[in-house]
Amino acid sequence: MISLTLLMALPIVGSLVLAAIPKANEKLVKQTALLTTLIVMGATIAMAVGFERDNIELQYTEKYSWIPSFGINYALGIDGLALILILMATILAPVVVLAGWNESHGGRWSVKTFYVLILVLETMMIGVFAATDVFLFYVIFEAMLIPVYFLIGGYGSGERSAAAVKFLIYSLFGGLLMLASIIALYVMSGAQGGHTFDLAALSQLEMSSTTQNLLFLGFFIAFAIKAPLWPLHTWLPDAADSATPGTSVLLLGVLDKVGTFGMIRYCLTLFPDASKTFTPLILVLAVISIIYGAILAIGQRDLKRLIAFTSISHFGFITMGIFAMTSQGYSGAALYMFNHGFSTAALFLVGGWMISRRGSSTIADFGGLQRVTPIMAWTFFIAGMSSLALPGLSSFVSEFLVLVGTFTRYPVHAVIATFGIVLAALYILIPVQKALHGPTTPGNESLSDLNLREKIAIAPVIAIIVALGFYPSPVLKVINPAATHVIAQLGFSDPVPTNGSK
Amino acid sequence: MVFTPPVLNYTLLSPILILLGGALIGVLVEAFVSKALRPITQLSITIGTLLLSLVQVWKIRNEQSLTAAAGSVVIDGPAVLLQASILIIAIISVFVIADTDHFTALAASLPGSDEERHAVQTGNQVTEVYPLTLFAIAGMMLFPISSDLITLFVALEMLSLPLYLMAGLSRRRRLASQEAALKYFLLGAFSSAFFLFGMAYLYGYSASVTFAGIRESVVGGSGNDVLLLIGMGFISIGLLFKVGAVPFHAWSPDVYQGAPTPVTGFMAAATKVAAFGAMLRIYYTVFANAQWSWTPLLSVIAIITMLFGSLVAIAQRDVKRMLAYSSIAHAGFLLVGVIALNKAGLDASIFYLFAYGVATVGAFAIVTLVRDAGGEVTDLNRWKGLGKRSPWIASTFAGFLLAFAGIPLTSGFIGKFSIFSAAYESGAKGVVIAGVLSSAIAAFFYIRVIVLMFFTDPVQDGTSVELPSVLTRLTIIFSIVVTIALGVYPAPLLDFITHLATFIR
């Protein structure tokens, strides 16, 4: 019988096996890591197949007493949203391992340590989405900073240790604010029928609107740093710039989703009234993120920083979709989280290959790749098109849903955000035109195209991007019941379209 | 006048009596056993005594008595828990102290004198540190179980005097060590004076020196409140000095730095347990009903202590000084537990004291290992790249730092969480917010050390990591295992504490 605990245990087992392998045998280390992540992916897919998508209750629930004197349980369970995010994380893990086969060589420590960290991180990525006990969530939320910190600081490039510290300090600060809120929730639960950290029980707490607003902010700021939302985003470009492409994929693709996931799972569920109070402010921040991220992306000369800023823009869309409080917006945001994981992965991985071949990350250095390395250039092109939400590719569906969902309630925001799409075309097409299609930059003549391993690694990502562009309903069907349920619980109904002639 | 001999319950007092007996034997050993056999004899006697005492504490764990020594001491759950914590911390500290390389061969000789050189050359290593440690531990064990002011004062002196001496025993940089000892002694003497002064006022207030008597007056509210306030204030100064709370902290960075590192670890960990144990008992039982008089002031001190310790630690360039300021910040966190003044606060404080104490001894044990030809290297700049040279030691040290920072899955997180939630429950929200903020600040300098160790390239200046002796290794392994175990699965210990920790009056 497959369970979430088993799913979380598998990567840990893999990392223990890795620990037993001699450091020198790098090939075996990598193969074992790849095998482990593939097994985890298989197990997750099996779990997804067994998931009852029309059932809005949490599924695969588990609950064991952990620290009874504080009412803390080891409690897991997933709804549709958590399922697709875990699915995304576990699909991306083997892709990252395979794609970044050689990226751990320039590190401060051994290749083995790199993969041990990756596997430990995978366990935590599953756990953070599956936790239904707020304390457990917090523990994993904070603990997962440590492997990422070492991945950035130990295996990155450039100012890697500064970037790692910046990342850690930002995240810790947000986490501590959240801790204060969690303590308050815990104390209030004690006053209202017994100490607990159970998410469902905590959402029933009675509290004054001031308290609710303050506690909401504690959670929201932590998540907005993670997500990252303007103006709390400044750690991200540095981290993405320094981290290896694989780490960046996990960081932006999966870890940052914890922020937007947390907004839905914790902010909306625990503090529905405060969420409504802060919606106008958050929507403005989201729109600023969309436009600001896009404009800064246009101005970047560095490929990695460009991708980081596009992500800030995309996270603006996701946040906007969440706080639009409509079921389309919510579904769109959820789907966006899933799609963004893959389109960013494609951008970072292909970008990473380009950079390691060329030995430079300046966009202008990549001139003429279209002729020299056509496959690499085309994959980058597709990834870019997905990032700018070209119809027919997966991001289009989600961006469209977010905009439609927002427009029905907040037309002005939606209209401004639409400019983000125009800007997206610029920030993707300019580098594509300059780099891939332009004249061959001297030094690029003899670059090699993607090898078989790289093709195998990127193929599933591209396949998912294309497939979900044409046929997104498998994922949407998992998300939609939960979306309607959440919006209804918040006391919203979707606005009815009005007839223009009346 | 008829003299009534006091009735003593020897079973309940045995943990302390055993220690005193062991200490006296240690003094005799120092005098009569040949110098070749001395270190091993002393070590075995000390460890044996501590273990025996721990067994006795375990045996009396469910006892409760107000009359164990004619009303001067009280045995109850918190007493047993605190005594056990002190003993466990003492045992692992003694393992580190056993490395005699840290101690001067002849403490009585002048630094740099022929006498000293002669002692070093002939290998005439004195080992008085063992009986001193035992005397100090006996004082620490008595401190949190005292139930009248006289006993409390005697215990305070009993734990302090040996520590003053021990701080001056360093083998290297002896002048700094002696200066530290003198500074500790002088300031300690001042604080003892304050303490005595406060005692006098409390006696004037309640016409009693027993906790029960003072408590009665506080509850009755019949006495002169001015006397109570002055008495409380001065007693608090004495106690706050011992725990190193701001503004009574000035001694601690210098003493931490100057004292031999194994002693620093022992002092930082065990003194805190004893002093906070006594503090908890006094504030939770004697002064509980006057809480509106002292909680505001103590809250301010707690906030200042947390913020000051965390902020100043950032600027430190020496690992021992950094740990000293970190320990000041932790004193602030522990004060939050005192302010909470509820059952959860008591449980949390005891857990925190144990968890912090164990991690502290472990961290200082690692500091003793990083050396060059001239002894320990405490300059943080020379810790660069330690992760490359000795990954295990560096990782373990990082583990302790993460525990100090309160990162989840370490004991420090559970401790902080339980203390903060207890304080929040009692309504001290401002203190909790200040605590969370200073945790964020504190995280910064702990992480800086991790960056130094792991993300900076090593400097080639002869700094190396000594292979730990078997005993030191035991201490480090025990400390890190406890630190992680209490972070991952603290339930058994928390339940044990919750079950036992109730003050009797």
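Which residue of β2(A) is the bridge partner of A:E62? The partner is A:L76. Before I build on that, please keep in mind that this is a predicted model.

That pair sits in the following setting. Strand β1 of chain A covers residues 59-67, strand β2 of chain A covers residues 72-78, and the two are antiparallel, with six bridges between them. Another pair in this arrangement is A:I67, which stands opposite A:I72 in β2(A). The two strands make a hairpin, with four residues between them. In the turn, A:G71 has a positive phi of about 70°. Is β2(A) mostly covered or mostly open? Mostly covered: five of the seven residues of β2(A) are buried.

Now chain A as a whole. Chain A has 20 helices and two strands. Taken along the principal axes, the C-alpha atoms of chain A fill a box of roughly 70 × 70 × 40 Å. Of the 502 residues in chain A, 62% count as buried. If we take the contacts in chain A with a separation of 6 or more, 81% are between residues 24 or more positions apart.

There is also a record to mention. UniProt, in an unreviewed entry, annotates residues 131-423 of chain A as "domain: NADH:quinone oxidoreductase/Mrp antiporter transmembrane". What is the chain made of over that range? Over residues 131-423, chain A is 80% helix and 0% strand. The end C-alpha atoms of this stretch are 37 Å apart.

On to chain B, where the count is 20 helices and three strands. The radius of gyration of chain B is 22 Å, close to the 23 Å from the globule rule for 505 residues, so chain B is as compact as a globular protein of that length. The C-alpha trace of chain B spans about 70 × 55 × 40 Å along its principal axes. Buried residues make up 60% of the 505 in chain B. Among contacts in chain B with a separation of 6 or more, 80% come from residues 24 or more positions apart.

The annotation for chain B again comes from an unreviewed UniProt entry, and the text reads "domain: NADH:quinone oxidoreductase/Mrp antiporter transmembrane", covering residues 146-441. That part of chain B is 79% helix and 2% strand, and its end C-alpha atoms are 37 Å apart.

Next, the strands of chain B. They form an open sheet of three strands in the order β2-β1-β3, with antiparallel pairing. The edge strands are β2 (375-376) and β3 (464-465) of chain B, each of which pairs on one side only. Strand β1 of chain B, residues 370-372, runs antiparallel to β3(B) and is joined to β3(B) by two bridges. Within that pairing, B:V370 stands opposite B:V465.

One residue in a helix of chain B, as a local example. B:A193 lies in helix α7 of chain B, which covers residues 174-206. Why is B:A193 classed as partly exposed? Because 13 other C-beta atoms lie within 10 Å of B:A193, and the partly exposed class sits between 12 or fewer for exposed and 20 or more for buried. B:A193 and B:I237 are 44 residues apart in sequence, and their C-alpha atoms are 10.0 Å apart in space.

Last, the interface. How many residues of chain B are in contact with chain A? There are 23 from chain B, in contact with 24 residues of chain A. On the chain B side, α17 (411-425), α18 (429-455) and α20 (491-500) each supply at least two residues. The largest share, eleven residues, comes from α18(B). By class, the side of chain B that touches chain A has 18 nonpolar, three polar and two charged residues.

That is where I will stop.

Note on methods: Residues numbered from 1 in each chain as written. Chains lettered and ligands numbered in written order. Predicted model: local features only at pLDDT ≥ 70, side-chain atom pairs only at ≥ 80, totals over all residues. Contact = placed C-beta atoms within 7 Å. Nonpolar A, V, L, I, M, F, W, Y, C, P; charged D, E, K, R; others polar. Rg over C-alpha atoms; globule rule 2.2 N^0.38 Å. Pairing = 2+ DSSP bridges. UniProt positions renumbered as here; feature names shortened; annotations may be inferred.
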